[in-house]
Amino acid sequence: EADMMALGFSQVSENIKYIRDPGPPRAGEFPHAAKGEQLGYRPMVPDDDLVAQYPDIFARMTDVYERAFAGRPDIPKITAEDREKYYHQPDSGFVICMRGDELVASTHFQKLDQEVLTTELECLRKHWGTGAVDLVCKHLIQEVAKRWNLPIIAYADKSNAASRRAMERFGLYPVQEYFSWHRTFTPGSRSDF
């Protein structure tokens with residue numbers, strides 16, 4: 001660290017790792033889930049019956065992901081085919097939220113060795129504040145507890161305060177911050193390393 005700073009670099013905080021201890025939902029978590037249920041939102045884990053009912057479910061999930069993260073250029077591309085591949089992996093799954101026939105939110109989870117990584121959580125903007133996200137995450141916690149009862153980990157961009165607040169509302173707590181090193185060079189300057 002001292003060497004990097006001596007070379008003119010500065011640390012820039014980028015991501016924060018969060019963890020949730022194993023177990024089902026606890027009292028006080030997911031405070032907006034009841035509101036979502038009252039508004040008719042339904043969380044579920046896609047299974048073969050749901051895929052048969054909605055053959056375009058993976059394309060719908062991709063559409064929600066792309067619309068939810070449209071303003072973020074650094075988000076990786078995930079195709080409907082990728083999602084279908086994840087669906088067929090035994091240590092992977094999704095939780096989605098529907099209102100009527102509309103898919104409004106989803107998340108993906110993947111069992112690693114001794115923890116479960118949730119890799120994305122997306123919700124259409126017009127459904128923010130409805131309880132849909134609380135329902136998806138509550139259902140995710142229930143599903144992980146039922147399948148493996150392992151800790152859940154997730155990462156949030158440090159600048160995304162809404163995601164960080166949501167994770168903390170769902171029982172996750174920050175455990176590690178990740179940095180990158182940055183240095184600005186003026187046009188025509190030289191580096192001596």
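Biologist: In what order do the elements of the protein chain run from the N terminus on?

Modeller: Happy to start there, with the reminder that this is a predicted model. The protein chain has seven helices and seven strands. From the N terminus on, those elements follow the order α-β-α-β-α-α-α-β-β-β-α-β-α-β.

Biologist: Thanks! In which element is confidence lowest, and in which is it highest?

Modeller: Across the protein chain the mean pLDDT is 90, and 96% of the residues score at least 70. Where pLDDT is low, the predicted coordinates should not be read in detail. Confidence is highest in strand β2 (residues 41–44), with a mean of 98, and lowest, with a mean of 79, in helix α1 (residues 2–6).

Biologist: What share of the contacts with a separation of 6 or more comes from residues 24 or more positions apart?

Modeller: For the overall picture, the C-alpha trace spans about 60 × 35 × 30 Å along its principal axes. Of the 193 residues in the protein chain, 39% are buried. As for the contacts with a separation of 6 or more, the share from residues 24 or more positions apart is 71%.

Biologist: Which element supplies the largest share of the largest nonpolar core?

Modeller: That core has 28 residues, and C97 and F170 have the most contacts inside it. At least two residues each come from β1 (10–20), β3 (92–99), β4, β5 (116–123), α6 (132–147), β6 (152–157) and α7 (161–169). The largest share, eight residues, is supplied by α6.

Biologist: And how many residues are in the second, separate core?

Modeller: Among the members of this second core are V51, Y54, V64 and M98. Its residue count is 15.

Biologist: Let's turn to H108. Which side chain is joined to that of H108 by a polar contact of 2.7 Å?

Modeller: H108 belongs to strand β4 (residues 102–111), and it is buried, with a relative accessible area of 3%. Beyond its neighbours within four places in sequence, H108 is in contact with Y86, S92, G93, F94, L117, T118, T119 and E120. The side chain that makes the 2.7 Å polar contact with H108 belongs to S92.

Biologist: Now the largest pocket. Which element gives the most to its lining?

Modeller: The largest pocket has a volume of about 1,400 Å³. Of its 49 lining residues, the closest to the centre are F69, L121, E122, N160 and S163. The elements giving two or more residues to the lining are β1, α4 (57–68), β4, β5, α6, β6 and α7. With seven residues, the one that gives the most is β5.

Biologist: Last one: how far apart in space are V45 and H139, C-alpha to C-alpha?

Modeller: V45 is placed in the loop between β2 and α3 (48–53). Apart from neighbours within four places in sequence, V45 is in contact with F94, V95, H139, E143 and R147. V45 and H139 are 94 residues apart in sequence, and their C-alpha to C-alpha distance is 8.1 Å.

Notes
Residues numbered from 1 in each chain as written. Predicted model: local features only at pLDDT ≥ 70, side-chain atom pairs only at ≥ 80, totals over all residues. Heavy atoms only, no water. Helix = DSSP H or I, 4+ residues; strand = E, 2+ residues; numbered from the N terminus. Buried < 20%, exposed > 50% of the residue type's maximum accessible area, 1.4 Å probe, protein only. Polar contact = N/O pair within 3.5 Å; in protein donor to acceptor, adjacent residues only side chain to side chain. Contact = heavy atoms within 4.5 Å. Core = buried A, V, L, I, M, F, W, Y, C linked by side-chain atoms within 4.5 Å. pLDDT = per-residue confidence, 0-100. 1 Å grid on protein atoms, 1.4 Å probe; cavity = no way out; pocket = protein on both sides within 12 Å on 5 of 7 lines; lining within 4 Å. Points joined across faces, edges and corners; volume = space filled by probe spheres on them.
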